[in-house]
Amino acid sequence: MATNNIVVLGAGVSGLTTAYLLSQDPKNNITVLAKHMPGDYDVEYASPWAGANYMPVGKEGSHHQAWERATWPALKEITEKYPEAGIHFRGSVIYNRKKDQETATGDWFSELVQPNPWYKDVVPDFKTTPDDQLAPGIDNAQEFTSVCINTAVYLPWLVGQCVKNGAVFKRAVLKHIADAASAHHTGQKADVVVNCTGLSAKTLGGVLDEKMYPARGQIVVVRNDPGPMVSASGTDDGEDEALYIMTRAAGGGTILGGSYQKHNWDGTPDMNLANRIMKRCIKICPSLVKEGQGIEGLDIIRHGVGLRPLREGGTRIEKDKVNGVAVVHNYGHGGFGFQASFGCAYATVSLVKDVLQNKSLAKL
Ligand SMILES: Cc1cc2nc3c(=O)[nH]c(=O)nc-3n(C[C@H](O)[C@H](O)[C@H](O)COP(=O)(O)OP(=O)(O)OC[C@H]3O[C@@H](n4cnc5c(N)ncnc54)[C@H](O)[C@@H]3O)c2cc1C
C-alpha cells in the first residue's frame, strides 16, 4: 500500500485534531512534532488554558462560521460516544448589554449575543429569555445547551486516538518550518508538513507571519460548581475584560474568566484582575458561593494566563511551498480553536489530500 509521510508540527488542539483525522486513513504515516505536548502548561501553548466551551462567534457567511457550524456535530458525537474524552453537555446562559458593543470584548462576542443568531439551529434547546424576565441593565439574553471540554483530559485523549491509529509523537523545537520535512520518524522526507504552531507562526522561520498577535486571557480555576455556564457581552471593570463561567467535565473544576487583552504578552497572572474576575463572577452568578459569601467562598485551584493566537484577517488555512517543502497551514484560531477545531481540520485535511494527489500525479 502506498504511504504518505506527513509531519504535523504542533500538538495543540489544531495539530491534534488534524492529526486525528489524518490518522484515520491507514495510508497516512504521521509524525506529530511539538515543543509542547498535552500535560505541559506554558504561556507559549494556548490549548491547555482554554475553558473550553462552544460559544460561536463567527460572523454570518464567513469561513469562521462554517468551521464552527461543522465542529458542533463532531463535538456532540464525541461527547455522546466517548465519555472518556472529557467533554460534557452543559446548559449555557448568554447576557447582552448593548453598551458593550464598541469594546474589545463586545466586538469578540458580537455574534454570540445576537438575539437571533445563526447558531440557534445548530445547538440544542436554544431559547430567548422573555423581556420581562431580564435583569436590570441586560438588553437581551438566551440559553442553549453547549459543551464544556476538560482540556486536561481531551488533549491527551486526542493523543491516544492518534497513537492508536499509528501516529508517532516526538518532541522538537524547530527554527524553520522546512526543517520539519526531515524530522519524519521513518527517516524519509515528509511529503507534506502541516503547520499548526499557533502564535509561534509569528516567529517560526519560513512563516514569520506578522499578522499574528495575542489576546491575553486570564482565568481563575475553582472547585465551586454553580451549574449552568454563563457568558456576558462585557463588564464595567474594563473594555478588554470579560465575564464567563464554565464547569469542565470529569472533575476539571470551574473556569472563571477573564480578559481579552490584545497585544499583551504578559504570562504572569495579575492579582488585581483576578480579584475583579472573581467578584464579577459571583455578582452575576451568586450560586458560585454559599449565601452571603464573597470571594472568600471560592476554593481556588490555580490562576492562569493563556495567549489566544489571533490573526489579522482571520485564521490561515492554506497551501504553501517553503524551500521546496509542501506545507499546509492551519493556525491563527484566536479564542475559538476548540469550537472550530473540526471544521478547520476538515478544511486542512482536504488541502493535504490535494498536495498528496498532486504528488501521485507527478510520479505517473
Ligand atoms: C483563557 C483562554 C480561554 C479560551 N477559551 C476557549 C473556549 O472556550 N473555546 C474555544 O474554542 N477556544 C478557546 N480558547 C482558544 C484556544 O485555546 C486556542 O484557539 C487554541 O488552543 C489554539 O490551538 P493551537 O493548536 O492552534 O495552538 P497551541 O495550543 O498554542 O499549540 C501550538 C503548538 O505548536 C507547537 N510549536 C509552536 N512553535 C513550535 C516550534 N517552533 N517547534 C516545535 N513546536 C512548536 C507548540 O509547542 C504547541 O504544541 C481560549 C484560549 C484562552 C487563552
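**Entry 1. Annotation and overall content**

I started from the record: UniProt, in an unreviewed entry, places the feature "domain: FAD dependent oxidoreductase" at residues 6-349. The model I am looking at is predicted. Over residues 6-349 I read off 21% helix and 28% strand.

I found an open sheet of 6 strands, ordered 6-2-1-7-15-14, with mixed pairing. Which strands stand at the edges? They are strand 6 (168-171) and strand 14 (316-322). Each has a single partner strand, so one side of each lacks a neighbour in the sheet. From one strand to the next, I noted an average twist of 20 degrees.

Strand 14 and strand 15 (residues 325-331) run antiparallel and are joined by 7 bridges.

**Entry 2. Helix 1 against helix 4**

I turned to a helix pair. Two packed helices are described by the angle between their axes and the distance between the axes. For helix 1 (residues 13-22) and helix 4 (residues 151-164), the axes come within 9 Å and cross at roughly 30 degrees. Angles under 35 degrees count as roughly parallel, and helix 1 and helix 4 are therefore roughly parallel to each other. I recorded their crossing as left-handed.

Which residues meet here? On the helix 1 side I listed Val 13, Leu 16, Thr 17, Ala 19 and Tyr 20. On the helix 4 side I listed Tyr 154, Leu 155, Trp 157, Leu 158, Val 159, Gln 161 and Cys 162. Sorted by class, the residues of this contact are 10 nonpolar and 2 polar, with no charged ones.

**Entry 3. Backbone checks**

I looked for cis peptide bonds and noted one between Gly 51 and Ala 52, with omega about -10 degrees. Ala 52 sits in the loop that runs between strand 2 (28-34) and helix 2 (63-81).

I noted another cis peptide bond between Gly 257 and Gly 258, where omega is about 5 degrees. Gly 258 belongs to strand 11 (residues 254-259).

For phi, I wrote down Asp 125: the angle is positive, about 65 degrees, although the residue is not a glycine. Where is Asp 125 found? I placed Asp 125 in the loop between helix 3 (104-108) and strand 4 (127-128).

Terms used
Residues numbered from 1 in each chain as written. Predicted model: local features only at pLDDT ≥ 70, side-chain atom pairs only at ≥ 80, totals over all residues. Heavy atoms only, no water. Axes fitted to C-alpha atoms, helices over the stretch in contact; angles between N-to-C directions. Helix = DSSP H or I, 4+ residues; strand = E, 2+ residues; numbered from the N terminus. Parallel < 35°, antiparallel > 145°, perpendicular 65-115°, else oblique. Left-handed = near helix turned anticlockwise from the far one by under 90°. Contact = heavy atoms within 4.5 Å. Nonpolar A, V, L, I, M, F, W, Y, C, P; charged D, E, K, R; others polar. Pairing = 2+ DSSP bridges. UniProt positions renumbered as here; feature names shortened; annotations may be inferred.
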